[in-house]
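Below is a set of questions and answers on a structural model. Please look at the sequence and the coordinates before reading on.

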Amino acid sequence: MKHFLKLFVLLLAIFAVWIGLLEASVVPQGYALLLPVYMVVVLGCYGILMVGVGLMFFPTCPHEAELLQKDIVEAKEFLKKKGVDVGL
Amino acid sequence: MNKKNKYSIIIPTYNERLNIALITYLIFKHLSEFCFEIIIVDDGSPDGTQDIVKQLQQLYGEDRILLRARPRKLGLGTAYCYGLSHASGDFVIIMDADLSHHPKYLPSFIKKQMETGASIVTGTRYVKKGGVHGWNLMRKLTSRGANVLAQTFLRPGVSDLTGSFRLYKKSVLEDVISSVVSKGYVFQMEMIVRAARKGYHIEEVPITFVDRVFGSSKLGGSEIVEYLKGLIYLFFTT
Ligand SMILES: Nc1nc2c(ncn2[C@@H]2O[C@H](COP(=O)(O)OP(=O)(O)OP(=O)(O)O)[C@@H](O)[C@H]2O)c(=O)[nH]1
Ligand SMILES: [Mg+2]
């Protein structure tokens, strides 16, 4: 099954539950009507939170940059000796 | 260790005169115990990349370094296809020339593949022991945003979708690449999503990514728009 169909089915299920809540009026009508709005807000918050957490813990590697510089020097030296035109 | 496998390393280049020399040296340094060939697909770089490649062929041998040039800049996706059509290995490794993909990780890709028998091993920057260096806040923000969107809507089961440092079984790469239509930035994402949907066994290894030191980026400005279009396209077609 195509992936988006799965999400579509999930959405339908949520919609059904919502209608059910509206009909059964276990919660006050006013609340139930606003539920989809809450859902969108929660989804948005989740997204922003995930991006924020990802940014806070963004893995960095300054040490690797230094190692790379050394590798570059080593490579240049070798290649120059072998007559490859690496400039400088 | 099984040394019978042959690895074809495809490196697309456009104006990577210095980088291609450095990376070739580093590949030979780190892969000395494996059987491999390097296939350089150069799109008529005006900076003389091909002259350097010819010098490297003199040094390392024309059977180890294959220059497969094309007349003009025809794009990355087709460069991989073109390189693939000349590959003689059982496995194909794809990497950038700009030293963002360090050859010292190649053995870990190969070992991971041997241990798990995976069809694809992909490098990931977003796990422990992985990382990125040299990105500004904007670039990090875009990358995180793109990743959260893709993880939510595509659920590919891979933590780094847009990286292009990967090892494929040759037959798997041929199969997947033939069903990919996207170009540019989205290409890598479509490759891995389609592969995941086809049920191929995908493993990850941590890599670090140091932003390019020499040369300039070849990616255009409308990356974000292209990415979003690609995401929507993949959402409905996979
Ligand atoms: N043959 C070929 N190679 C290309 C083309 N465009 C880019 N490349 C190469 O593909 C690799 C990746 O390109 P980059 O410009 O580094 O793209 P990027 O890594 O997403 O961008 P940066 O973060 O700036 O490095 C490099 O080795 C380039 O030389 C092309 O049209 N043809
Ligand atoms: Mg790059």
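Q: In what order do the seven strands of the open sheet of chain B stand?
A: This is a predicted model, in which local features need pLDDT of at least 70 and side-chain atom pairs count only at pLDDT 80 or more, while totals for chains, interfaces and linings use all residues. Residues are numbered from 1 along each chain as its sequence is written, chains are lettered from A and ligands numbered from 1 in the order in which they are written, and side-chain values use heavy atoms, without hydrogens and water. Strands (E, at least two residues) and helices (H or I, at least four) are DSSP runs, numbered from the N terminus, and two strands pair if DSSP finds at least two bridges between them. Pairing in this open sheet is mixed, and the strand order in chain B is β3-β2-β1-β4-β7-β5-β8.

Q: Which strands stand at the edges of this sheet?
A: An edge strand here has a single partner strand, so one side of it is left without a neighbour in the sheet. The two strands in that position are β3 and β8 (202-206) of chain B.

Q: What is the average twist from one strand to the next?
A: Axes are lines fitted to C-alpha atoms, for helices over the stretch in contact, and angles run from 0 to 180 degrees between N-to-C directions. From one strand to the next, the twist averages 20°.

Q: Which residue of β7(B) stands opposite I94(B)?
A: β4(B) and β7(B) pair in the antiparallel sense over four bridges. F91(B) stands opposite K169(B) in β7(B). For I94(B), the residue opposite in β7(B) is R166(B).

Q: What is the bridge partner of I120(B) in β7(B)?
A: β5(B) and β7(B) run antiparallel and are joined by three bridges. In β7(B), I120(B) has as its bridge partner Y168(B).

Q: What angle does the direction of helix α7 of chain B make with that of β7(B)?
A: Contact means heavy atoms within 4.5 Å. Helix α7 (residues 185-197) of chain B packs on the sheet and touches β5 (120-124), β7 and β8 of chain B. Its direction makes with that of β7(B) an angle of about 45°.

Q: Is Q188(B) buried or exposed?
A: Q188(B) is placed in helix α7 of chain B. It touches Y80(B), L161(B), T162(B), G163(B), S164(B) and R166(B), not counting residues up to four places away in sequence. Buried means under 20% relative accessible area, exposed over 50%, and partly exposed in between, with a 1.4 Å probe and protein chains only. At 8% relative accessibility, Q188(B) counts as buried.

Q: Where is S159(B), and which residues does it touch?
A: S159(B) lies in the loop between α5 (137-154) and β7 (166-169) of chain B. At 18% relative accessibility, it counts as buried. Not counting residues up to four places away in sequence, S159(B) touches T124(B), Y126(B), V127(B), N147(B), Q151(B) and E204(B).

Q: What is the phi of K129(B)?
A: K129(B) is found in the loop between β5 and β6 (131-133) of chain B. K129(B) counts as exposed, at 73% relative accessibility. Although this residue is not a glycine, its phi is positive, at about 75°.
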